Amino acid sequence: MPQISEDVLKVLDAATLEGAKVFLTGALDRKLYTETNKVLEAAGGKWNRSAKAHVFDGDAADALEPIILTGEYSRTKQDFGQFDTPHVLAENVVDLADVQAGMSVLEPSAGVGRIAAAARQVGSFVTCWEIDEKRAEKLADVAHSLNVGDFLAAEPVSAFDRVVMNPPFAKQDDIRHVLHALRFLKPGGRLVAIMSAGVMFRENKLSSEFRDLVEQSSGSIERLPEGAFKASGTSVNTCIVTINA
């Protein structure tokens with residue numbers, strides 16, 4: 001399936017949504033409008049002259065969010081709440097975080113614990129949070145300390161040398177999870193997270209302020225290759241973010 005250009009994704013992200021309606025904002029040249037219109041129509045939106053908007057059968061946000069996350073359009077509903085980190089990528093995250101033996105490491109929203117397992121292999125002490133009880137059962141042999149519940153409701157304690165994570169992406173939850181996780185780092189610690197590539201181009205306040213935070217920490221945002229999560233059954237576009245406390 002062809003990838004949607006980042007220019008079109010920016011237009012979709014900046015659009016005003018009112019229920020089933022999508023209102024494009026700003027002045028678009030003919031080429032950009034044609035490309036954007038093509039994506040909206042392929043996703044199920046129909047131009048309504050009287051409404052001066054593209055109108056979907058259901059909630060427009062539900063239609064646009066997967067497009068912005070994957071850079072593809074599909075009418076097949078996908079769940080971007082959680083998907084497992086491929087083993088090689090989990091090892092890359094741990095390497096980038098410079099996890100060393102004896103360090104205290106946190107993986108929030110750990111899923112089946114692939115990043116946690118990679119961190120434990122180098123001799124660190126691993127703590128995991130996981131909201132799904134069935135997934136949490138699989139963490140018993142991975143985590144030295146396991147918490148079952150909503151990580152966003154956890155009281156922050158600056159107790160960890162490193163945080164490594166692959167948070168939920170839906171509706172920019174990845175940013176919210178990372179901001180909360182930063183509060184668990186010791187001074188001088190480092191957080192490395194797999195995030196939606198949308199953090200690189202979305203222009204809303206949450207995304208813009210997040211990029212500023214990364215820059216201020218002398219951190220980095222690096223785009224991952226297309227298909228990085230193909231083995232996990234998703235085409236979501238991703239990046240790796242490093243933040244230094």
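**View 1. Contacts across the protein chain.** Among contacts between residues at least 6 apart in sequence, 65% join residues at least 24 apart. The model shown is predicted. Of the 245 residues of the protein chain, 47% count as buried.

**View 2. Fold and dimensions of the protein chain.** The secondary structure comes to eight helices and eleven strands. The radius of gyration is 19 Å, close to the 18 Å that the globule rule gives for 245 residues, so the chain is as compact as a globular protein of that length. Along its principal axes, the C-alpha trace spans about 65 × 40 × 30 Å.

**View 3. Surface and charge of the protein chain.** The accessible surface comes to about 12,200 Å². Carbon and sulfur atoms account for 48% of that surface. The side chains include 26 positive and 34 negative ones. The centres of these two sets lie 5 Å apart.

**View 4. The ring pair of Phe151 and Phe184.** The count of aromatic pairs comes to two. In the pair of Phe151 and Phe184, the ring centres are 5.0 Å apart. The planes of these rings meet at 35 degrees, so the pair is tilted. This pair links distant parts of the chain, 33 residues apart. Phe151 sits in the loop between strand E7 (145–148) and strand E8 (160–165). Phe184 sits in the loop between helix H7 (173–181) and strand E9 (185–196).

**View 5. The aromatic cluster.** Ring pairs link Trp129, Phe151 and Phe184 into a cluster. Buried means under 20% relative accessible area. Phe151 has 3% relative accessibility, so Phe151 counts as buried. Phe184 has 4%, so Phe184 counts as buried too.

Definitions and conventions: Residues are numbered from 1 along each chain as its sequence is written. This is a predicted model: local features need pLDDT of at least 70, side-chain atom pairs count only at pLDDT 80 or more; totals for chains, interfaces and linings use all residues. Side-chain values use heavy atoms; hydrogens and water are left out. Helices (H or I, at least four residues) and strands (E, at least two) are DSSP runs, numbered from the N terminus. The radius of gyration is taken over C-alpha atoms; the globule rule is 2.2 Å times the number of residues to the power 0.38. Buried means under 20% relative accessible area, exposed over 50%, partly exposed in between (1.4 Å probe, protein chains only). Contact means heavy atoms within 4.5 Å. Accessible areas come from the Shrake-Rupley method with a 1.4 Å probe; for residues, only the protein chains shown count as cover. Lys and Arg count as positive and Asp and Glu as negative; His and the chain ends are not counted. The place of a charge is taken as NZ of Lys, CZ of Arg, CG of Asp or CD of Glu. Rings of Phe, Tyr and Trp (its six-membered ring) pair if their centres lie within 6.5 Å; planes under 30 degrees apart count as stacked, over 60 as edge-to-face and the rest as tilted.
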